[in-house]
Amino acid sequence: MISIQNLTKIYNPGRENEVTALDEVSLEIRKNEFVVIIGSNGSGKTTLLNMIQGAERPTSGSITIQGIDVTSLPDYKRSRWIARVFQNPNQGTAPDLTILDNFRLAALRTQPKTLKIGTTATFKKKVRDKIATLGMGLENKTSQFMGNLSGGQRQALTLLMSVMDETEILLLDEPTAALDPRSSALILNLAENLQKELGITTLLITHNLKDAHHYGNRLLQFREGKIRHDVPAGEKARLSMQDIFRWFE
Amino acid sequence: MSQFYLTALQLALCLCPMALGIFISMKVFNIPDITTDGSYTLGAVITAILLTREWPALAAMPAVMLTGAVAGVCTGLIHTKLKIDALLSGILVMTGLYSINLILLGRSNLPLINLQDLFTSRSFFTHELYNHLGISIFIVGLLVLLLHYLLKTDFGIAMRATGNNPVMTRALGINNDLVKITGLALANALTALSGYLVAQFQSFTDINMGIGIVITGLGSVLIADALRVWLRVTGIGWQLLFVLSGSLIFQMVLAFTLAMGIDPNFLKLVTALFVLLIVALPRVSRPLKND
C-alpha cells in the first residue's frame, strides 16, 4: 500500500541549526493496517506524516502509494488517496463555512470542483445521516458555521469528513491532543470503527501510551529520526504497557 | 430625489462591480489586492479605445472584462508562483498598468462625447438619467445573481474555503494557487467593468481616474461588513447585497458632503476620513462596551 524507501528529511542543511528529522527511514505499510506511531517530541513522527501527505518534500528517498511513485506529487494531488485529520481542530475545517459546505468540499476530495450546486436536499440528508451517527446532536445544525463548534465537535466532524469520499489512507496526527478525555475517547473509537468498517489504511500519531497500546494492530516507535521499534500485528497484542514504557527509558 | 443625488446613485451603481471585486479579493480570498487602481483605469482605457473604433458597447464589455482578468492573472501569478507578498504583487501590477494604460490611450485623457455607448444605445426611459439608472441596475442585479450562484457552487465553496483555511483546502485536493489566480482574475474583471461603466457614464477616460479608487471599493466592503455584523446576517446573498448597499451609502455620504458646500479639493481627504471612521468605529466602541 505505502512503500517508503530511505526517506531522509534535513531541515536547514549546511547551517548551524541543521536538524535531521528523518534519517534513512524505510517502511512498508500494508492495506488495512492500523499503524500507531509513538515517540518523543522531535523524533520525526509528524515529519513522516507530512512527507506521506505531501505537505513537505523529502531531502532524499522515495514514497510509493499503490505502486505509484508520489515523491514529487504535491499534497493536493495526493489527496486522491489520502485524508488527514490534523492535531489542531481548527486546521481541518473552514470556520467561516457552514458544516454542510465543509462536508461538500470533503465529499469532493478526489473529484473536480465544478460550477454545479452540490449542496442539494439529497446531499443534506446524506450529511445529516452521517453526522447523526456521532450522537452529538449536530445533525440538525448543518447550516451552522463550523467556527461556532467546540474543538471536540470539530474534530469528530473532521474525522467524518475524511471518509466522505473514497479514502485509501487516513493520517491521524495527534487528533486528540487538544481534546478532553471524553472527546478523545469518542474520536479514537470513531477512528477505529471507521478503519474496521471501511478497511482504510490508517496511521495514528499519539503521545498517549495507553491509546498506543489499545488501538491499532501495529506499533512503531520513532527516536531521533529513525524507527527504533516496529511491532507487527499479532505481536502487538502480546505487548504490555510496561514493555512500551521501557522503550522510553 | 434631486438630480444631484440621482447622479451620485448612478455613480454608486457603476462602482458596484468594483466593490464586488474587492469583496472577492479581500473577503473571500483574504488578499489585499491593489491591482484595482490599475485595472479600473484599464477597463476605462479599453472602453475608450473600442468605442472610438466604433465597437458596439455590448461587444466591448467582455473584451474589457477580459483585459481586467489578465491583470488579475498577472497579480495572481506573481503572488503564487514567485511567492511575492500579495500586497506587493498588486502594487507592482498596478504600477506597470499605469504605463500600459498611457501607451494604450496615447494621451492622458480622451473624451467619449457623441459616441454610441451602453447608456445611449438602448432607451427604456425618456429621461436620460433614468435610462442610465435602469441599465446600471439591470447590470448590477445580474452580476449579483451570477456571483451568488457562483459562490454557492462547488467551485465557489472551494474559493471561499481557500481564503478561510488554505491548509485544509490543500488536504482536500484543491490547488490553492489556481483558485487564487482565478479569483483575482474575476475580481479584476469586475473592477475593469466598473471602469467601463464609469467611462461611459462620465463620457471620458482619464489616465488618473483610478488613483485611489481602491479606497472607494474598500469603504463599500467595510460598510458591508459593518452591516453584516450589526444585522447578524451571514448568508452569501446578503453579503453581496450589503456590498451594494455599502457602495450606495459611500457615494451618498460623499454627495452629502459636497452638497454641504465642502471644497471638492477635499473630496479624497473626506473619502479617506470616512473609511477611517468605518474601520475605527467598531474598534473604538468595543473597549467602551467592555468597560
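The legends below describe several close-up views of a predicted model.

In this predicted model, local features need pLDDT of at least 70 and side-chain atom pairs count only at pLDDT 80 or more, while totals for chains, interfaces and linings use all residues. Residues are numbered from 1 along each chain as its sequence is written, and chains are lettered from A and ligands numbered from 1 in the order in which they are written.

**View 1. Chain A contains eight helices and ten strands.** Helices (H or I, at least four residues) and strands (E, at least two) are DSSP runs, numbered from the N terminus. The radius of gyration of chain A, taken over C-alpha atoms, is 18 Å, close to the 18 Å that the globule rule (2.2 Å times the number of residues to the power 0.38) gives for 249 residues, so chain A is as compact as a globular protein of that length. The C-alpha trace of chain A spans about 50 × 40 × 35 Å along its principal axes.

**View 2. Four strands of chain A form an open sheet in the order S2-S1-S4-S5, with antiparallel pairing.** Two strands pair if DSSP finds at least two bridges between them. Strands S2 (19-29) and S5 (68-69) of chain A are the edge strands, each pairing on one side only. Two bridges join S4(A), residues 60-65, to S5(A) in the antiparallel sense, and A:Thr64 stands opposite A:Asp69 of S5(A).

**View 3. Strand S9 (residues 218-223) of chain A pairs with S3(A) and with S10(A).** The pairing with S3(A), residues 34-39, is parallel and runs over five bridges; A:Ile37 has A:Leu220 of S9(A) as its bridge partner. With S10(A), residues 226-231, the pairing is antiparallel over five bridges, and A:Lys226 in S10(A) is the bridge partner of A:Arg223. S9(A) and S10(A) form a hairpin with two residues between them, and A:Glu224 in the turn has a positive phi of about 50°.
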